[in-house]
Each structure stands twice: as structure tokens, then as C-alpha cells.
Amino acid sequence: MDRTERERQAAQRRYLGWGLAFEPTMPGVDLARDIVFDDGPNGRALALVEGTGNVAQSLAVALTTLRGSNVFDATFGFDGLNALAEQIEPNLIREQVRIGIITLLDRDPRVRKIVDVNLDDGRLGAGRADDAAAAALRSSRTLQVQVQFETITDDRLSVRLGELPSV
Amino acid sequence: MTDIRVPVDGADPSVERNLVDQLEGPYPGTVRRVVVPLATGGAAAVDWTSRHPVLTVVLRRDLVEETVRVTVTVDPGGADERVLPSVVFAPWSAAGASVPAYAPDSADEPLVAPFSVTVTAERAVDAAAATAVTGAALTALIELAVVEGNLGRLLYLVSHEKHRLRRAAREVHAYRTLAHARRDALDRIGADVGVARFVDELVHEPASGDVYARRLAPPAREPDGAYAHRLGLYRRFLLPTPGAVRRLLNGPGADTEPNAGLFADLPGGARFTLREDDDRFAVAIRLVAAGDPQHRTNFLAQLRRDRLVLPANTPPNNTTHAGRALPSGRLAEITALRASLRQSYAFDNAHALAPPLATALDRAGRVCRALGSTLVWQVTRAQDDAGGSRYELGLGVDVGWPTPAQATDLRNRVLDTGRTVTADRTAEALIAAARAAGVPTVASDGEVAWLWRVCGVQTTHRISTTRMYLSHLPTRGLAVTAPTAATVGADVAVEAQFHAPGDPGGNALLLAGLAAAATAWTGTGEPAWSPLTDAAARTRWAGVPTRPAGQPVDEVLAAAGLPAVRDPAPVVAALNRLPDELVETIELPAALASALIAGQPAAADRLARLVGLLRDRHLAAALPLVDSGNRVLLVCSVIGLPQAGVNLAERRATGFRWYTVGLGGGTADVKAVGARTTLRPTHAGLVAVVALSYVRTGLTDPYEFRVELPDGVALTLAQYERLMNTLTRVCPLGVEINTFGIRRDHVDLDADGDAEPLRPAVARTFRTFQQRRHRGVYDQL
């Protein structure tokens, strides 16, 4: 690892922070996340996550937390989950989800710039043909969300939300 | 108090349950808390594949002063059976507290296969042997729970100390209560209320009869339980009402239930009785003109003209009433009252009554009429200027007795619940009240006092075999004798006498008591004693010889609680100064007197029984005089006697107190006490001489209540001490608590199970629990 890479990692750790690793206990089945232990030189210790991984984990936890459910921080979480459950127009749902994601990202001081928020539910869009994949997506009533943003360390991250929130 | 809950977490004190409830987002899915059903036999099964599980034992109720030990066996009866280290819940653990019992190793493999356990539990209080908790008691005491996930384990670990904090908080809270405080905590409570822990004990010295406090050998001190029991007196808000005192002494429950209060340790669960039925005072008033007798004559004339009710329908009476300056409505009421009185009473033209007496008599007449009786009471005497204290103010009338047939008819009518109710609501209410109070038989109540009493006539006194005296004032036969006029500055003798029924006679209480005692005495097969007339008694007193000391009779008399008179001269001189009516003398049967003089112990017992009979009949004093010729006189009285004092009762049975009320400028001085007193007018005018008298018939005095125990119940010295301190605590200002009966009949000094009379010198020998606190002595308590 050259010096530039080490400085970049140090900057990521310094500015993007670190935290306990919360890993999905049943990926693809449940949202649940649990702490994990690693074997270290001094015995077993809590596993950690840092840098962009920490940002990604933070966003994943925030996107799977209903906004207002944390009684100690009522503004934490993703408000789009409420929109998905409401009986409103699909176009409005899409826009509420988009706003929820942007609000969530704006709240995180480590996100410097949101590059793109793309929502795809299989409907025709600009410059896109109605192929079989789009039809399948449309019929599954799944909303795919892809978000691109830049961190304060100049890293560009792309988050893709599928049927279950994941990054 | 057995359950002390410190609601730190609100209604549900389970720590881990609350932690799980507070998780949000993706975390609740990994921290699961599952209650494992526990069979009454102690078997339980974790029948699912759990992830990073920890099995906890959870308390389902608060513990008090008990330790609970739970042992879990994994895979019971299987190849991998293991008995795990016991889980211990210390005293004061709160409901919801949990202790980890089993945490399978899941470092390499997070999923743990289903497993089963069995649970046994036992509980112990203080140093007592542990007892097993089984069946429904087991499931009511504990439950099992599985907390899953690494995060769950971590949260459980970091919050586990909270259970200990909650337990400590409950323990501190409990130690502030009297029921659970121990050692120094109890001493601090005692310091708060000024009651120190005893470092001594009460001891009775049989040889001297004394009771004293003996210091305990250090480091022995009063045990916590006994100290807390004493402190209980002072650790509550206490208003000394009769109900509160009864509840304090006896605890809740009916009179037939065992004592559950401060004295639940009495033999047989005996309960205390509080008596506060007062003896009523009797009053008599005599008018004495100071200086010119015309003052009295004028006053009585004015009384008849302006105040008294003249029932007879004659022109002079009608003119007198019509001439009174009263509203027309009031005059009409009086006219109606007079007319009503005439329906039930036969008056002479000159008869006059005090208005309250007229009203009370009218009530009785209306009751008779409502009952359908045609009885007309013949009034033979009413207001009489020369009638003495009973009649001169119109405060009483004489009427004839009803015949037995008339009394029986009245009684039958009032007891007839099927009679037709009349429109006279006052009379009907009085009839109901009489029925509720009880209607005695004609044989025991020939005067039909039940009728007069319920109508407000408080005195029904037989003055002859054909007449009775009725008054709305409580007089009970009391009469004051004094001249109608006295010279200013000169002393005149005034005398009050409590006439027995059928007066004139001796003191009512004394004669009645002696008669009842004589009946009881002969009823046990003893020969009758001989009563002496007043003159004969004084003659016999004068002949009583002087005796040398050391005669056997002295010991016999002392054994019966009576004084021995060896030099009769001063005693007889003092006896001669007493009023005749307050003293009666009897001569004991010859055989008994001979046995007494011979010093036979059996004779002492018989004499003690006789003294007991006199005491039970409320006589105040008895003085034996050993006469010549093997004869023994017993002087009995309702007041204190020379050398004997008040040796039968706690105080004299009767007494008199005198007052004067000046009228028309007259004033006079009077000696306040005594049956015979001296009046000295100081200013001319009219003086009303008032005699207030009491007769103690076993009831309490005003502003006094009495504490009693059933016969045969003996208090230990410690219980007696506790009782006296309790009564001190509940004694309202200005009220006397009479414990004479307790001190005489219910204290067991020598711990033989039988009570001994507590000598006056010893009666106050108890330690006062609550000490007055002074600045700087707090730490010494």
C-alpha cells in the first residue's frame, strides 16, 4: 500500500468514522442485524466497521429504521417506509420515497453531494425500451432505488435499494 | 406489611423486557426474549433452534426477607445431563429480576439445538432451614426466559446491575419501615420518636415486693422484635378517640375475636374493654334569704306569676297566664300544654310546675294516651314555698304510684307491636325509643321508670309506699336542708342528704350496697350480720377497748386488707364527726368474730370474701373495731373512714360540692365540699344554694374512661409496662384513664400465672418508653 492509499484510508477513518459492525443475521429473509465478535490477539472482541463501510452501514440502518421509531432521536430513519404503505398515487409514492432518501442523506454530515436518485418500478422512462426485465419488475410491484452520492472524502458511493434494503 | 414495591420502572419492572421494547430498526429482530413455559413439576423445554441464547430465571413476585435458590439441570435424564450452579435471589429482590442460568457456547456455531431443563427451587427466611418450593408455588415464584442474539446478551450483561440496584433500593426503603427495620436502622427510628432501646429489664423482688429495672449484662440489649413492637406505639398518626384506642389495644375485629392489636400476646387473645358510661351528677337547689325574708317571698311570688306553668283551668290561673308579656303564639302553646296536661294528670288549683318539667310530664301523658291507656296520674304535690329544695322552685312533683294492674297494662301496650299507630308523632317516637331501650317487668320497675326516663323525667324517686317524686333534673333522692333565711355575716348550717328510696332514710348508696351485700353473704350459707342503729353504733364505738400490739386478730385483719385499730379513742372521735347517714355499722356473726379474734386463717378468707362483697357493691371504706366479748364491729361507709381511708375502692363513693348563685343582690360564701357545710351570707338579697352530688355505682366519672380485662387474665410486667405507656400515649389532655382494676386484679408479678394486687408504691414502677428530648442528646438515644 503506497503512501497515498494509506493517507486516503486514514482520512476515510478520520472523517467517515467507525463503529460496531452490525451484520444481517438472515440476509434475504429478515432485516435483523446483530453485533458480531472477531477473534483477536487478546481474545474475542466486537467486530468493527470503518470508512465507507461505516457510512454504508449507517445508511443501511437508517433506511431500515422507521422515522420516528427512535424515541431518543425522532428525526432519525427513513420516512419513505410510510409512503410505501399509504394508499396514494404511485407517482406520489415515488416522489415521497425520493424526498425521504434525499432527506435522510442530507441529514448525514458525511454526505457532501447527492449525485443521483433513480427510482425504477418497470414503467417506461425516458430513453428506455419496455423489455422483459422491465415487465417483470413492473409485475412484481417492486420499486428499485439507486442512489449515487459523494462523501466528504471524495469517495463516490452508489447505493441500490432492492426488494429488501441493502447496499 | 409484607410487600414493598419500589416502582422504579413503572408497572412492569422487568429490565430486559423493557430493553427489548426500546429497540428499533433492524435490531429487534435479532434480540428476542421468549418466556419458556414451566411445568409445575419444574420441567421446561426450549423447543426451537435458538440463536446465541441465554437462559434466565426470572422472579415473578417481590421477595421480602427470604432467599430463593434455584437449580437448573440441563438435559435431565439424558446423556449430557448437567446440574448447573445454583441461581440465588437475595432478600428484597424485585419482581422481574433475573439471573442467567445457562448460556450455551455459541462462539463457533450461533444456532443452538432445542434442549430441555428441569428446575428446582427452595426458599429460606433468615437462618431458618430452606424449604422446597414445588407445584403451583414454583410457577408462581419464578419463570424461565430465553434472550437470543449477541446484542441481546450484551444488553442483558450491561443492564444486569440494575437488578442489584433495585434490590438495594427496596432494602433501604424497607429498613425505613418499622416492620422490617433491624439493628441500627431501628435505633434511628427510635431516635426519631425519642424512644431508646432498653439496656435493662424489669425484675420483681419477691421478698420486698418491689419492682425495679436491672441492667442487662453487656452486650445484651433489647431484641429488635421487642424494640420494634414498642416503637409501633409512636410510629403512626394517632388521634385518641375511643375507636382509635380500642383498635390500638385490640386490633380490628369484633369483641368476640382474639386480640390482634398491640396486645395480641395476651393469654387467650383477651381483648381490653373501654368503659366510659358516666355516673350522673345529682343536683338540688335551696333558696335562702340573706337578711330580710321578704326577698325569698317576693322571688317565689314572681316565679309563680311569670315563670311556672299553672295547669288547672281556673280563672286565677288563666288570668295569670294571660297577663304574661309573651307573644300570642307562645301563649297559645302554653294554653295547649296546660290542656294536654289536664288530660293525663289530676292537678289541684294551686299546683304549679317549672316549664321543662311540665313539658316532660306532658310527653309521658301523651305516650299513655297514644298507648290507649286512660290512666290519669294524681299529682299530690307540686311547687311549694315551704316544700324545701325539692319543691320550692317547682322542679319536682309527687304523683301516686300506678297500681300493678295499671303498670302491667302500660307495659303490655308498649310491647304490643301490632297496635294502631296514632297521629301523635312525638308520642310514637317515644314509644319506639322505650321499646328499643327495653321495658323491665313490673316486679322490678313498679314506678314505670322506663316511661318517665324516655320522656325526659330523669328522677323517679320513691318517697313513700304510695307516692313517688318526679323531676326533670337528676336528683336521685338528694335533698338540701337549710333555713329559709339567714342573717348577713352569720353562719348557718346547710346539709345535703342522699335519701334512700322511701325517705327519709340513710344514704341511698350505702343502704342499697349493704342490703345487696347481705343478700349475697347469706346466699353463700354464711350467718347474717346484725346492723346497728346510728345511736347504738355510737354507743358501741365508745366501748371499744384498747388492745395491745401483736394479737392474732391483727394478722387476720391485715390478710383481709383491713386496718387494725388498737387505740380506738382518736378513731372513734373522728367517726363521731361523720354524718350519720354516710356511715353504717354492722356486727359480724359471733362465730366469725370469735374465729377472727383467735387468728384462724380460714376466718381471714371469710372476712376477705365479705370485704369483696362490700367492694363489689361500691362501698368506699370498711373499718373493723374489735370489741370486748369476742365481738367485732365493721363500720362501713361511702366516704373515707378514719385510719382506713378509702380502702375498698379507689376513691370515695359519694361526694358533695356546693355553690351559691346570688339573686337580687344577695351573695354568700359556702364551704365547697362535704355533706354538711356552712353558709355565710355576705350581702342582703336571695341566695340559691346548689348542691352537686355524685354517686359512684361502678360507672365512670365525667372526663374519665376505664380500661378493663376479663377475669383471670394476667399481664406480665412487660405487658403491664407496655399497657401503661400505651395509655400514656393515648391520654387526651384533661382526661383521666382509670387503671385501678388492671392494677388490682390483672398484673402477675411473680410469673406464676396468677395476678397479685399491685401496691400503690409499685404501680408506677414502669419504664417510660418515650423520653423528652433535649438539645444535644439525640445521639444518646
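Student: Which residues is B:Val707 in contact with, leaving aside its neighbours within four places in sequence?

Tutor: In this predicted model, B:Val707 is in contact with B:Phe272, B:Thr273, B:Leu727, B:Ile737, B:Asn738 and B:Ile742, once the neighbours within four places in sequence are set aside. These count as contacts because heavy atoms lie within 4.5 Å. The residue itself sits in strand 33 of chain B, which spans residues 704-708.

Student: Why is B:Val707 called buried?

Tutor: The relative accessibility of B:Val707 is 0%, and the term applies to any value under 20%, so B:Val707 counts as buried.

Student: What makes B:Asp701 buried or exposed?

Tutor: B:Asp701 has a relative accessible area of 14%, and since the limit for a buried residue is under 20%, B:Asp701 is classed as buried. Its place is in the loop between strand 32 (685-695) and strand 33 of chain B. Leaving aside neighbours within four places in sequence, B:Asp701 is in contact with B:Asp278, B:Arg651 and B:Arg696.

Student: Why is strand 24 of chain B described as largely enclosed by the rest of the structure?

Tutor: Strand 24 of chain B covers residues 492-498, and five of its seven residues are buried, so the description follows from that count.

Student: How do you know that strand 24 of chain B pairs with strand 22 and with strand 31?

Tutor: Pairing requires at least two bridges between two strands. Strand 22 (residues 478-481) of chain B is joined to strand 24 in the antiparallel sense over four bridges, and B:Thr481 has B:Glu495 as its bridge partner in strand 24. Strand 31 (residues 676-683) of chain B also runs antiparallel to strand 24, with four bridges between them; here B:Val492 stands opposite B:Leu679. Each count meets the requirement, so both pairings hold.

Student: What makes strand 23 and strand 29 of chain B edge strands?

Tutor: Four strands of chain B form an open sheet of mixed pairing, in the order 23-16-32-29. Strand 23 (485-486) and strand 29 (654-663) each pair on one side only, and they are the edge strands. Within this sheet, strand 16 (residues 282-290) and strand 32 of chain B pair in the antiparallel sense over nine bridges, with B:Val288 standing opposite B:Val687 in strand 32.

Student: Why is the link between A:Asp34 and B:Arg51 called a salt bridge?

Tutor: The closest N and O atoms of A:Asp34 and B:Arg51 are 2.5 Å apart, and because the cut-off is 4 Å between a side-chain nitrogen of Lys or Arg and a carboxyl oxygen of Asp or Glu, the pair qualifies as a salt bridge. The count between chain B and chain A is one salt bridge. Across this interface, 14 residues of chain B are in contact with 16 residues of chain A, and the two chains bury about 1,200 Å² between them, of which 60% is on carbon and sulfur atoms.

Student: Why is A:Leu20 called partly exposed?

Tutor: A:Leu20 has a relative accessible area of 31%, and because the buried class is under 20% and the exposed class over 50%, A:Leu20 is placed in between, as partly exposed. This residue is found in strand 1 (residues 18-20) of chain A, and together with A:Trp18 and A:Leu48 it forms a nonpolar surface patch with about 310 Å² of accessible area.

Methods: Residues numbered from 1 in each chain as written. Chains lettered and ligands numbered in written order. Predicted model: local features only at pLDDT ≥ 70, side-chain atom pairs only at ≥ 80, totals over all residues. Heavy atoms only, no water. Patch = residues over 30% accessible without salt bridge, like charges linked within 9 Å, V, L, I, M, F, W, Y side chains within 5 Å. Areas by Shrake-Rupley, 256 points an atom, 1.4 Å probe, with all protein chains shown as cover. Helix = DSSP H or I, 4+ residues; strand = E, 2+ residues; numbered from the N terminus. Buried < 20%, exposed > 50% of the residue type's maximum accessible area, 1.4 Å probe, protein only. Buried area = accessible area lost by both parts, 1.4 Å probe.
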